Amino acid sequence: MDKLQEWDSAWAEPYRQMTTNPWKNGILDVKTIELICVGLNAACTNLQADGTRRHIRAALEAGATRDEILIILKMASLLSIHSCSLGAPILLEEAKAAGVEPIAKLATTPACDKMKALGQWNTAWEPFYELDPVWTDQFMTTAISIYADQVFTPKQVELLSIAFDASITHMYAPGTRRHIKAALKLGATMEEIMEVLKVCVAFGEESCHLGVPLLAEELAALGFE
């Protein structure tokens, strides 16, 4: 970012002010912001190694624990469930149109039952539960600790989930709406939720973190200053 400031301070300075705004206004604490940034960088839709390391370090410095960061990394991994949230309903619709009936599968699903008891069951999961209840229960076994271990409060989980779903590389509207609705119900303010979205926008600076050093290296290799 120093090199960007050197090359184009007229653009870099207002951009810096905009991207650092959430860190300065006190609406969300710095630890929460850094945990969100760990999630945005580590998400299976992003996988930004440098940014993940940078924000893990900052989160630790802000007081985050190993268990808190591990939960973020688990959430970043489980974001991939949206492949089934998207695809399973389409599979059922197209199979019906083609005259193909799914094979009924009966199974005990204790993890799914527990998610329902916790009030965390999402009706968007019903299609892939219908197609493969055993696998769905295996997935829910991995997901349930996020809600049951109480490392974060339910409100914190919802704010973090908003960031994952609203991330520029994911933009999953049904999940974003569901988690905003849940966060509001749990007492989150509109200002807090807006800060989460602003941190998602600040993630855009990773383009400069990635590209500016590469540009500097290639210019130097060609003899340009």
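**Pockets, cavities and loops in an all-helix model**

The largest pocket holds about 250 Å³ of space. A pocket here is an open set of points on a 1 Å grid over the protein atoms alone, with protein on both sides within 12 Å along at least five of seven lines, and its lining residues have an atom within 4 Å of a point. Grid points are joined across faces, edges and corners, and a volume is the space filled by probe spheres set on the points.

Before I continue, a word on the source. This is a predicted model, in which local features need pLDDT of at least 70 and side-chain atom pairs count only at pLDDT 80 or more, while totals for chains, interfaces and linings use all residues. Residues are numbered from 1 along each chain as its sequence is written, and side-chain values use heavy atoms, with hydrogens and water left out.

Let me return to the pocket. Its lining includes Gly119, Gln120, Trp121 and Asn122, together with Pro154, Glu158, Arg178 and His179. Lys181, Ala182, Lys185 and Leu186 also belong to the lining of the largest pocket. Which helices supply at least two residues each to this lining? They are α10, residues 154-166, and α11, residues 173-185. The greatest share comes from α11, with 5 residues. Helices here are DSSP runs of H or I with at least four residues, strands are E runs of at least two, and both are numbered from the N terminus.

Gln120 sits in the loop between α7 (110-117) and α8 (126-131). Is Gln120 buried or exposed? Gln120 counts as buried because its relative accessibility is 16%; the term buried means under 20% relative accessible area, exposed means over 50%, and partly exposed lies in between, with a 1.4 Å probe and protein chains only. Beyond its neighbours within four places in sequence, Gln120 is in contact with Met115, Trp125, Tyr147, Glu158 and Arg178, where contact means heavy atoms within 4.5 Å. Of these partners, Glu158 and Arg178 are also in the lining of the largest pocket.

The structure holds 3 cavities of 30 Å³ or more, a cavity being a set of grid points where a 1.4 Å probe fits but cannot get out. In the largest cavity there is about 300 Å³ of space. Which residues lie nearest the centre of the largest cavity? Of the 21 residues that line it, these are Leu78, Ile81, Tyr147, Arg178 and His179.

Next, the chain as a whole. The protein chain has 13 helices and 0 strands. Its C-alpha trace spans about 65 × 40 × 30 Å along the principal axes. Of its 225 residues, 39% count as buried. Among contacts between residues at least 6 apart in sequence, 75% join residues at least 24 apart.

Two pairs illustrate such separations. Met18, in helix α2, and Ala202 are 184 residues apart along the chain, yet their C-alpha atoms are separated by 7.7 Å. Met18 is partly exposed, at 39% relative accessibility. Gly26 lies in the loop between α2 (9-24) and α3 (30-42) and is exposed, with a relative accessible area of 60%. From Gly26 to Glu192 there are 166 residues in sequence and 10.0 Å in space, C-alpha to C-alpha. By contrast, Val30, in helix α3, is 69 residues from Gly99 in sequence and 54 Å from Gly99 in space, C-alpha to C-alpha.

Finally, the backbone. Most residues other than glycine have a negative phi. Leu47, in the loop between α3 and α4 (49-61), has a positive phi near 60°. Gln150, in the loop between α9 and α10, likewise has a positive phi, of about 60°, although it is not a glycine. How do these two stand in accessibility, buried or exposed? Leu47 is exposed, with a relative accessible area of 61%, and Gln150 is exposed, with 67%.
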